[in-house]
Amino acid sequence: MSDPVNVPIDDDVIRLGQFLKLANLIDSGAEAKTVIAEGLVRVNDEVELRRGRQLFAGDVVVLAGRKVRVSNSRR
């Protein structure tokens, strides 16, 4: 798998469901709920089933072969 794409966040933390949408891995919150519940999302190489999981800079999220990394604030 290729290197992750960095996706900057505005705050120090973001919830997984919000990050999936920000990173354009999904189209809606409802889709986030579904893919997470089905065990299709990995965070730092572990399946994550909590939509509210807090992510911090450096965390790597994988969905459908696409790998993205939470990066430091845009500010």
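R53 forms a salt bridge with E48, with 2.7 Å between the closest N and O atoms; a salt bridge is taken here as a side-chain nitrogen of Lys or Arg within 4 Å of a carboxyl oxygen of Asp or Glu. The structure is a predicted model, in which local features need pLDDT of at least 70 and side-chain atom pairs count only at pLDDT 80 or more, whereas totals for chains, interfaces and linings use all residues. Residues are numbered from 1 along each chain as its sequence is written, and side-chain values use heavy atoms, with hydrogens and water left out.

E48 also forms a salt bridge with R50, the closest N and O atoms again being 2.7 Å apart. Side chains of opposite charge can pair when their charged atoms come close. E48 has a relative accessible area of 6% and is therefore classed as buried (buried means under 20% relative accessible area, exposed over 50%, and partly exposed in between, with a 1.4 Å probe and protein chains only). The side chains of R53 and E48 are additionally joined by a polar contact of 2.7 Å. A polar contact is a pair of N or O atoms within 3.5 Å; within protein, one must be able to donate a hydrogen and the other to accept it, and residues adjacent in sequence count only if both atoms are side-chain atoms. R53 is found in the loop between β4 and β5 (54-56), where helices (H or I, at least four residues) and strands (E, at least two) are DSSP runs numbered from the N terminus. Leaving aside neighbours within four places in sequence, R53 is in contact (heavy atoms within 4.5 Å) with I14, R15, L16, V43, N44 and E48.

The sheet was examined next. Five strands form an open sheet of mixed pairing, in the order β1-β7-β6-β3-β4; two strands pair if DSSP finds at least two bridges between them. The edge strands, each pairing on one side only, are β1 (5-8) and β4 (46-47). Strands of a sheet pair through backbone hydrogen bonds, either parallel or antiparallel. β6 pairs with β7 in the antiparallel sense over four bridges, and β3 pairs with β6, also antiparallel, over three bridges. V62 of β6 has K67 of β7 as a bridge partner and stands opposite R42, while L63 stands opposite R66 in β7. The side chains of β6 are divided between two directions: V60 and V62 point one way, V61 and L63 the other, and all are buried.

The hairpin of β6 and β7 has two residues between the strands, and A64 there takes a positive phi near 55°. A64 counts as exposed because its relative accessibility is 73%. N24, in the loop between α1 (16-22) and α2 (29-37), likewise has a positive phi, near 60°, in a residue other than glycine. With 57% relative accessibility, N24 is therefore counted as exposed. A further positive phi, near 75°, belongs to G39, which follows α2.

The largest nonpolar core contains 19 residues, of which L16, F19, L20, V41, L55 and V61 touch the most other members. Such a core is a set of buried Ala, Val, Leu, Ile, Met, Phe, Trp, Tyr and Cys residues joined through side-chain atoms within 4.5 Å. At least two residues of this core come from each of α1, α2, β3 (41-43), β6 and β7. In soluble globular proteins, nonpolar side chains tend to be buried together.

In α2, the buried residues are A32, V35 and I36. These residues lie on the same side of α2, because they cover an arc of only 100° around the axis, the arc being that of the directions from the helix axis to the C-beta atoms. The cover over the buried residues of α2 includes α1, β3 and β6. Exposed residues A30, K33 and A37 are carried on the face of α2 turned away from its buried side.
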